[in-house]
Amino acid sequence: MTFVRTYVEGIGASILGLLAGLGRFSQFMGTVFFWGAHPPMRIKLLMDQMYFIGNKSLFIVGLTSLFSGAVFALQMYLGIKAINMDSIVGPVVAISLAKELAPVFAGLVVAGRCGSAMAAQIGSMKVTEQLDALEVMGINPHQYLAVPRVIGATLSMPLLCGIFMLVGNFGSWLVGVHVLGIDEVMYFQKLSDFMRLGHVAEGLIKAGAFGFLIGMIGTYHGFEVRGGAEGVGKGTNLAVVWGMVTVLVSDYFISSFLAKIL
Amino acid sequence: MADAITFTNVSKIYGDATVLNNLTFGIPEGQITTILGFSGAGKSTLMKHILGLTHPTSGKITSLGTDMETLDELGLREFRRNFGMVFQYAALFDFLTAFENVAFPLREFTKLKESEIKAKVSELMQAVELVPESWQRLPSELSGGMRKRVGLARALALEPRIMLYDEPTSGLDPISTQVVSDLIVDTAKQNAQRKLTSLVISHDVRASLRISDNIMFLEKGKIVEYSTVQGFKNSNNPVIRRFLEL
Ligand SMILES: Nc1ncnc2c1ncn2[C@@H]1O[C@H](COP(=O)(O)OP(=O)(O)OP(=O)(O)O)[C@@H](O)[C@H]1O
Ligand SMILES: [Mg+2]
């Protein structure tokens, strides 16, 4: 009996913990919105963040997108060849890339590379009293550190996602036309028949939403850091895990919402 | 002499712990006052109250004649520019060079031209005796003593009226302790005309006796002794005597 009780209590405690965390996170988002709406808007810091995010992620996004497009083209081709529809590979890959692969993969890369870096930077500033130093100078740390990172991630993600789409389609074309021998004219014919601007728009909007969430989660875990270098490591880890999980989970909800309005 | 900071019946209670217990005192303008006390006595809490980073459970605090409770969030931020704070481990921004750390408040809060900022930072760096070779280094490439000096220069950049030092000499070797102590005194002297007030938190008795005009001894949120250095040295209070013999 006591065993069952301890077990149930354990579950209850972790649910309560999660809810409390969500509450603090909402409060944090509110603070960031408040300070984001307050002057001054630090354009230089925003530019620095966008450069940082692009710099950290561009190579990996380029590499993963090339091979995602290539392998997707290959698998589609192998599946569809039997029914003689191989020219459809172009649009199938392009639409999958636009709607899902590009925003989600770019999101995972940015969560892993940049969400973690945000938590690490802000966390180590916190444990070395640099946040207090800002505060004492009359500068709000949320405004100075969180706002440019959140906006930077929100704006950078669609750019990275767009690059992912372009390079991914290049990989698909390379493998489809030049390795598997799909007729090039038909490949582009079908592409223009089925591909819609709305598909691309859906991906870019989702990418922006993911960027926003990754930025919020990364900076939140930085501000939440307690106690020394160990705390910074923990916060960094949490930022990556929750960033990635949030990308995958929110993907479903954002997609079903966009399906209604687009 | 006027007081730069006054506390009137100030208490701070966290849960069931009374961290500041009904404190009433004034910090005289233009002098160096040190708050001494063992770990956990409430020294840092007291300093946070002065900056308006935390608010008293009861009582009244004024700085430079302004009642802190009358200021709203944005007013408080403005008001904090009257203070310069030197942190225990300097708290330099690790993404900026020594030079840029000192220039930071000037860039944020003044409309000085680049050449004027350069001149002002150079002047501050010279005042804290930091050689030009180290100006372009990142904080991680500076020694603890050098970092403290950069922190001091940064705190002085906006010509504050009150300087706050949190454990300025802890973690430093005897020579650096001497240098930093001298800098606190020199800073006070150099800014004597505009009546710079210095408030130091410390548990370094010897350094405190050397640099201070007044010493307050805090224990468990209460003032055990508050007097001039001479009065402190001659105190009959057994707690103080024990502390002096450390
Ligand atoms: N935010 C807080 N919540 C609860 N208790 C606190 C808080 N801040 C400080 N305290 C408690 O108040 C007491 C005094 O803390 P404070 O940091 O002011 O001491 P201190 O004199 O600066 O010590 P030290 O020399 O170690 O820095 C401690 O017992 C501490 O646990
Ligand atoms: Mg302290």
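In this predicted model, a backbone N or O atom of B:G42 lies 2.9 Å from an oxygen atom of ligand 1. Two side chains also approach the ligand. In B:S39, a side-chain N or O atom is 2.4 Å from an oxygen atom of ligand 1. In B:T45, a polar side-chain atom lies 2.5 Å from an oxygen atom of ligand 1. The protein covers 56% of the 640 Å² of accessible area that ligand 1 has on its own.

The residues around ligand 1 include B:F38, B:S39, B:G40, B:A41, B:G42, B:K43, B:S44 and B:T45. Also around the ligand are B:Y14, B:V19, B:E167 and B:H203. Helix α1 of chain B, residues 43-50, gives the most to this shell, with 3 residues. By class, the shell around ligand 1 holds 4 nonpolar, 6 polar and 2 charged residues.

B:E167 is placed in the loop between β7 (162-166) and α6 (174-190) of chain B. Is B:E167 buried or exposed? Its relative accessible area is 8%; buried means under 20%, so B:E167 counts as buried.

The loop between β7 and α6 of chain B also holds B:T169. B:T169 is buried, because its relative accessibility of 8% falls under the 20% limit. The side chain of B:T169 makes a polar contact of 3.2 Å with the side chain of B:D204.

A positive phi is found at B:K195 as well, near 55°, again in a residue other than glycine. B:K195 sits in the loop between α6 and β8 (197-202) of chain B. Here the relative accessibility is 47%; exposed means over 50% and buried under 20%, so B:K195 counts as partly exposed.

Chain A is built from helices: its secondary structure comes to 8 helices and 0 strands. From the N terminus on, its elements run α-α-α-α-α-α-α-α. The C-alpha atoms of chain A fill a box of roughly 65 × 60 × 35 Å along the principal axes. Of the 262 residues of chain A, 45% count as buried. The backbone of chain A includes a cis peptide bond between A:P39 and A:P40, with omega about 0°. A:P40 lies in the loop between α1 (2-36) and α2 (43-80) of chain A.

Empty space in the model was examined next. Rolling a probe the size of a water molecule over the atoms shows where such space is left. The largest pocket has a volume of about 780 Å³. Its lining comprises 27 residues. Nearest the centre of this pocket lie A:K126, A:E135, A:P141, A:H142 and A:F223. Which elements each supply at least two residues of the lining of the largest pocket? They are α1, α4, α5 (141-179) and α7 (197-223) of chain A, together with α2 (73-79) of chain B. The largest share of the pocket lining, 4 residues, comes from α1 of chain A. By class, the lining of the largest pocket divides into 9 nonpolar, 7 polar and 11 charged residues.

The largest cavity holds about 160 Å³ of space. It is lined by 15 residues, and A:M137, B:F83, B:G84, B:R154 and B:A155 are the closest to its centre. Elements of both chains contribute to the lining of the largest cavity: α4 (130-136) of chain A and β6 (83-86), α3 (98-109) and α5 (144-156) of chain B each supply at least two residues. The largest share of this lining, 3 residues, comes from β6 of chain B. In class, the lining of the largest cavity has 11 nonpolar, 1 polar and 3 charged residues.

Note on methods. Residues numbered from 1 in each chain as written. Chains lettered and ligands numbered in written order. Predicted model: local features only at pLDDT ≥ 70, side-chain atom pairs only at ≥ 80, totals over all residues. Heavy atoms only, no water. Buried < 20%, exposed > 50% of the residue type's maximum accessible area, 1.4 Å probe, protein only. 1 Å grid on protein atoms, 1.4 Å probe; cavity = no way out; pocket = protein on both sides within 12 Å on 5 of 7 lines; lining within 4 Å. Points joined across faces, edges and corners; volume = space filled by probe spheres on them. Nonpolar A, V, L, I, M, F, W, Y, C, P; charged D, E, K, R; others polar. Near = heavy atom within 4 Å. Polar contact = N/O pair within 3.5 Å; in protein donor to acceptor, adjacent residues only side chain to side chain. Areas by Shrake-Rupley, 256 points an atom, 1.4 Å probe, with all protein chains shown as cover.
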